Amino acid sequence: MAEAEQVDDAEMSLRGINMLLNNGFKESAELFHRYRNYSPLMSFGASFVSFLNAMMTFEEEKMQVAYEDLRATERLCECDSTGVIETIKNKIRKSQVDGHRSEVAMMERLQRLIIVADCQVYLAVLSFVRQELSAYIKAGWILRKAWKMYNKCYNDISQLQEACQRRSSAPQGVLSSDRAKPSQSPPLLPEPQEEHCTDLPKDNQKSALPPVTKAAQSNKHPDHQEAHTSSKPKHSQKAPLRYEAGLTAESLSRLKGSVSFGYGLFHLCISMVPPHLLKIINLLGFPGDRQQGLMSLTYASESKDMKAPLATLALLWYHTVVQPFFALDGSETEAGLLAAKAILQKKEAEYPDSSLFIFFKGRVLRLECQISSALTSFNSALELATGQREIQHICLYEIGWCSMIELSFTDAFKAFDRLRTESRWSQCYYAYLTGVCQGAAGDLDRACSVLKDAARLFRRKHNQIEQFSMRKAEDLRKLPPTRERCTMAAIEVLYLWKALPNSSTSKLELMIEVLQQMEDSSCSGLNYLLLGAVHKCLGNSTNAVQCFQVALRDEQGRLNNSYVQPYSLYELGCIFLESPESTAKGRALLLQAKEDFSAYDFENRLHVRIHTALASLKEEASQ
């Protein structure tokens, strides 16, 4: 296998990822699939391309392909297949010339464990996006397994880095003394034959422990010391391997970057799990640490590992999509926007025409309420993504939303209509958005026809978005839809998807005019909830409170819009939390919203937001 001996899979995988980010999706996919069976690293690269395609479209077909590819990569890492073992032997033969056999074997075992853990995290993400109870539980168990592997790898690599640093700074005599005492060396991974039966956790094992922090590593606290010891697999104490001089600081830094990517992404995923579901599945016994996750992703993004560019994308995704949507860290997004802008500026020279980076630039501009500039960025990204349907679809999605924020319903309708016909993800949802925008633009006959299609396209009975879209489409069709009702439906979607804060003052004032003209008593509560939300965005807290209180008292519309009352309580609670004098009242309202209502639209979303608001309150109290 002479050709294999000449291939540096670490360098090639990084090249493949950079191709992908510079609009070379086809070339990147071809490279990874050509060398898919060459090594676990190249197999992981191919699986990641599949995973990225799935996450950009949410199409069931692509999610299934990603699932199968990730499982195939796992099997490749866990088995002794001829192809992979031959590749490892080739590396070892090559390394023997330099006298680094132990280094290669050790690095290979660490790399394989990290890849398996990464695959577990991506499989969990695929389950999370389904937004179903069974999917959350399944994802929790998958992450539980992944954490054990991350915890071990992270500890081992950190200890190896410390040993490497000590050796590089110690006098020669100390180095000789160290070699004479192998029992004092940090524990490493077991030999390959032990890897398969012990490193992969069993389902009946206890939950792993909180993330590695300075406190957790300290020997001064007996509880922390016990936790640190108990988190290690039994075999690591039985087979301690010595630190090898061939392990360089550079190679360990790359591996630390590799494990930090999944480790950081892991924490962010856990932090987004609805708290009540976290308790049901007893997932790890602790909530994810977002700050630890962000620090780890930042470390990974600055490393020389193939996942460094991916860590950069993950940070951009978190700061521009996740944080604003879930209202993490309260409703503050300024720090995240500053971080995203710094990342984009730093990477501009490296990825000048990357459709993905230009897309995230558009996200930043949208969050800064520069909707016109955001639309320019999304249209530029759309043009650069020619031939890459998945990127085009996320750009079209943003173009539709920005147009809806601007109340430019004709442009919004065109974008969503294209998604309705081209995308295979939730055509029911896109049909609803198309019908609503078409009706708000004044084309009521065609809007009625499209809304009828929304009910016909309802496929996934347990998907919250499709349930909402189908039911709302039916409600609009019961009476002949009017332009005002369709506009109100568009404002409702903007509220539920937290896009109202991106609207300009003039557009918000137009929304108030439309909502004040509504006379339909069946949706009075919803109308006042939306009015309150718009007033809140304008800074009119007094008017917002009055509207939310009226919405809270609406019993007539509770059957049609079951989420109005808990969301009204949440909004009132958040307003009262802003003043020290009414903090206790605000907390009580949040708890009431959490405990007194169930089985309403987007319940999980609200629970995450309530949990975040209460956690922020505790943090402020402890300072």
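Student: Is Ala599 buried or exposed?
Tutor: Buried means under 20% relative accessible area, exposed over 50%, and partly exposed in between (1.4 Å probe, protein chains only). Ala599 has a relative accessible area of 71%. So Ala599 is exposed.

Student: What kind of model is this?
Tutor: Residues are numbered from 1 along each chain as its sequence is written, and side-chain values use heavy atoms, leaving out hydrogens and water. Local features need pLDDT of at least 70, side-chain atom pairs count only at pLDDT 80 or more, and totals for chains, interfaces and linings use all residues, for this model is predicted.

Student: Where does Ala599 lie, and what is its phi near?
Tutor: Helices (H or I, at least four residues) and strands (E, at least two) are DSSP runs, numbered from the N terminus. Ala599 lies in the loop between helix H31 (583–595) and helix H32 (603–622). Most residues other than glycine have a negative phi. Ala599 is not a glycine, yet its phi is positive, near 60°.

Student: Is Phe602 buried or exposed?
Tutor: Phe602 is also found in the loop between H31 and H32. Phe602 has a positive phi too, about 55°. Its relative accessibility is 1%, so Phe602 counts as buried.

Student: How many helices are in the chain?
Tutor: Of the 623 residues in the chain, 56% are buried. There are zero strands, and the helices number 32.

Student: Which residues of H3 are exposed on the face turned away from its buried side?
Tutor: In helix H3 (residues 25–34), Phe25, Ser28, Leu31 and Phe32 are buried. They cover an arc of only 130° around the axis (taken from the directions from the axis to the C-beta atoms), so they sit on the same side of H3. The face turned away from that side carries Lys26 and Arg34.

Student: Which helices are among those that cover the buried residues of H3?
Tutor: Contact means heavy atoms within 4.5 Å. The cover includes helix H2 (9–21), helix H4 (40–57), helix H19 (355–367) and helix H21 (389–405).

Student: How are H2 and H4 oriented to each other?
Tutor: Axes are lines fitted to C-alpha atoms, for helices over the stretch in contact, and angles run from 0 to 180 degrees between N-to-C directions. H2 and H4 pack at about 15°, with their axes 9 Å apart. Angles under 35 degrees count as roughly parallel, over 145 as roughly antiparallel, 65 to 115 as roughly perpendicular and the rest as oblique. H2 and H4 are therefore roughly parallel.

Student: How are H26 and H27 oriented to each other?
Tutor: Helix H26 (residues 483–496) and helix H27 (residues 505–516) have axes 10 Å apart. In the contact, Glu484, Thr487, Met488, Ile491 and Leu494 of H26 meet Met511, Val514 and Leu515 of H27. The angle is about 130°. H26 and H27 are therefore oblique.

Student: What is the relative accessible area of His319?
Tutor: His319 is in helix H17 (residues 308–326). Leaving aside residues up to four places away in sequence, His319 touches Leu294, Pro324, Gly336, Ala339, Ala340 and Leu367. His319 is buried, and its relative accessible area is 9%.
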